Amino acid sequence: MGPPVLAHDAPPRDQVVDRLTVLLTRMLRPDAPVTEQTQLMDELGLSSSLGLELLLALEDELEIQIDVEELDEDRMATLGKLADYITANSTPR
C-alpha cells in the first residue's frame, strides 16, 4: 500500500491565507494589516453577507468549491481559522 491519497486537491493553505488577506484588505480597507490572528468579525466587522461575498470571491480566484455546511462563526473567528477550514473543506471546480 502506497501513501494515503487525499480525497481532493485543495489549494495550499498559504495560498488561501494570501488570497484571503488580499480580498479582506480590498473589501474592508482595515486600518491595520490583516494577519492570521486578525479577528474577522470583532476587528474587521465582517458581516455574514460580506463573509459570503468573500467566500464567493475566493472560490472564483482559486477555482474551488467551498463546502459551507459546517461553517459557523467559530470557524470564521480569525483569518487563520477560516483558512484552516477552507483548506480542509474545499474541492477544485
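# Exercises on a predicted protein model

The protein exposes about 5900 Å², and carbon and sulfur atoms supply 51% of that area. Keep in mind that this is a predicted model. Let's work through some exercises together.

## Exercise 1: The overall fold

**Task.** Find how many helices and strands the protein has, and in which pattern they follow along the sequence.

**Solution.** 
- Step 1: Start with the elements. There are 3 helices and 2 strands.
- Step 2: Now read along the sequence. The pattern is α-α-β-α-β.
- Step 3: Next, compare the radius of gyration with the globule rule. The protein has a value of 13 Å, close to the 12 Å that the rule gives for 93 residues, so the protein is as compact as a globular protein of that length.
- Step 4: Along the principal axes, the trace spans about 50 × 20 × 20 Å.

## Exercise 2: Inside and between

**Task.** Work out what percentage of the 93 residues is buried, and what percentage of the contacts with a separation of 6 or more comes from residues 24 or more positions apart.

**Solution.** 
- Step 1: Recall the cut-off, since buried means under 20% relative accessible area.
- Step 2: Of the 93 residues in the protein, 33% are buried.
- Step 3: Turn to the contacts. Among those with a separation of 6 or more, 65% are made by residues 24 or more positions apart.

## Exercise 3: Counting charges

**Task.** Find how many positive and how many negative side chains the protein has, and how far apart the centres of the two sets lie.

**Solution.** 
- Step 1: Count each set. The protein has 7 positive side chains and 19 negative ones.
- Step 2: Locate the two centres. They lie 4 Å apart.
- Step 3: Look at how charges pair up. The structure holds 9 salt bridges.

## Exercise 4: A bridge from helix H1

**Task.** Explain why the salt bridge between Glu36 and Arg13 ties together parts that are apart in sequence.

**Solution.** 
- Step 1: Check the pair. The side chains of Glu36 and Arg13 form a salt bridge with an N to O distance of 2.7 Å.
- Step 2: Arg13 belongs to helix H1 (13-28), while Glu36 sits in the loop between helix H1 and helix H2 (48-62), so their bridge ties together parts that are 23 residues apart in sequence.
- Step 3: Read the accessibility. Glu36 is partly exposed at 30%, and Arg13 is partly exposed at 28%.

## Exercise 5: Glu59 and its partner

**Task.** Decide whether Glu59 is buried or exposed, and find which residues Glu59 touches beyond four places away in sequence.

**Solution.** 
- Step 1: Find Glu59 in helix H2.
- Step 2: Use the cut-off of 20%. With a relative accessible area of 7%, Glu59 is buried.
- Step 3: List the contacts. Leaving out residues up to four places away in sequence, Glu59 touches Ile64, Gln65, Ile66 and Arg93.
- Step 4: Look at Arg93. Arg93 makes a salt bridge with Glu59, and their closest N and O atoms are 3.7 Å apart. The pair links distant parts of the chain, with Arg93 in the segment after strand E2 (90-92) and Glu59 in helix H2, 34 residues apart.
- Step 5: Check the other partner. Arg93 is exposed, at 54% relative accessibility.

Terms used:
Residues are numbered from 1 along each chain as its sequence is written. This is a predicted model: local features need pLDDT of at least 70, side-chain atom pairs count only at pLDDT 80 or more; totals for chains, interfaces and linings use all residues. Side-chain values use heavy atoms; hydrogens and water are left out. A salt bridge is a side-chain nitrogen of Lys or Arg within 4 Å of a carboxyl oxygen of Asp or Glu. Helices (H or I, at least four residues) and strands (E, at least two) are DSSP runs, numbered from the N terminus. Buried means under 20% relative accessible area, exposed over 50%, partly exposed in between (1.4 Å probe, protein chains only). The radius of gyration is taken over C-alpha atoms; the globule rule is 2.2 Å times the number of residues to the power 0.38. Contact means heavy atoms within 4.5 Å. Accessible areas come from the Shrake-Rupley method with a 1.4 Å probe; for residues, only the protein chains shown count as cover. Lys and Arg count as positive and Asp and Glu as negative; His and the chain ends are not counted. The place of a charge is taken as NZ of Lys, CZ of Arg, CG of Asp or CD of Glu.
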